[in-house]
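Hi,

Here is the structure I promised to send over. Have a look at it first, and then read on for what turned up.

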Amino acid sequence: MLIKKIEKIPDKIFNDLKLIIQDKSVKHNAYLAGNIEQEYRLDKHTSKLENYLLDEIGNEPSLMKYMNYDFNCNTEDRLLKLTSLWVNFQKKHEFNPIHTHDGIFSFIIFLQIPYLREEQKRISPGKNSNLECAGFVEFMYSGFLGNIETVQFPVDKTWEQKMLIFPAKLFHCVYPFYGTDDYRITMSGNVRFKV
């Protein structure tokens, strides 16, 4: 699976990102799939993250192989650029339906997750389901036989300061969470070829 998990982004970058999310000057809802009231564009702040993000992508052989094969290019010939950046302030019951992004790669940075997995398992309406997934991030792709396969990440407070990097066209969704009135804050963006 072409998803790179960063266990801990550097403290300096993480602290800078927590400051820039205070910029709520540009609403971004009309350009995003999220059923989330507060989504804001942060493109003017890409320099805070770009070098680190591109290094992480460049140091992951599976992502480079994907890019070179699917886009028929040599990485030495096609430089990448972080072209869009936004933040989601997700409240309980809000969600991101199945969607893809633009560009070559995308990412999710978990800035604040106001719940623990055990709490969600206890209070979720799906607590007795055989597919309980409150608060999860889920990726979907075609399996070997053409069936839909999924990869789920049970995101909770322990995921703060982590990041997922993935191909932008990989279908994914974010399930709602329950109980707390605090925001789940995530930052995302898209990486494209520099032209």
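To start with a cysteine: is Cys173 buried or exposed? Cys173 is buried, with a relative accessible area of 4%. Do keep in mind that this is a predicted model.

Searching the whole structure turned up zero of them. For Cys133, the closest cysteine sulfur is the one in Cys173, and at 7.5 Å that is too far for a bond. A disulfide here needs the two sulfur atoms within 2.5 Å, so the 7.5 Å between Cys133 and Cys173 rules the pair out. Cys173 is accordingly in no disulfide, with the sulfur of Cys133 as its nearest cysteine sulfur. Cys133 counts as buried too, at 14% relative accessibility.

The other residue I looked at is His101. You'll find it in the loop between strand S4 (96-99) and strand S5 (105-112). With a relative accessibility of 8%, His101 counts as buried, because the cut-off for that is under 20%.

What does the side chain of His101 make polar contacts with? One partner is the side chain of His99, at 3.3 Å. Another is the side chain of Ser106, where the contact is 3.0 Å. Ser106 also shows up among the residues that His101 touches once those up to four places away in sequence are left out. That list has Trp86, Ala168, Lys169, His172, Gly189 and Asn190 on it as well.

Cheers

Note on methods
Residues numbered from 1 in each chain as written. Predicted model: local features only at pLDDT ≥ 70, side-chain atom pairs only at ≥ 80, totals over all residues. Heavy atoms only, no water. Buried < 20%, exposed > 50% of the residue type's maximum accessible area, 1.4 Å probe, protein only. Helix = DSSP H or I, 4+ residues; strand = E, 2+ residues; numbered from the N terminus. Polar contact = N/O pair within 3.5 Å; in protein donor to acceptor, adjacent residues only side chain to side chain. Contact = heavy atoms within 4.5 Å.
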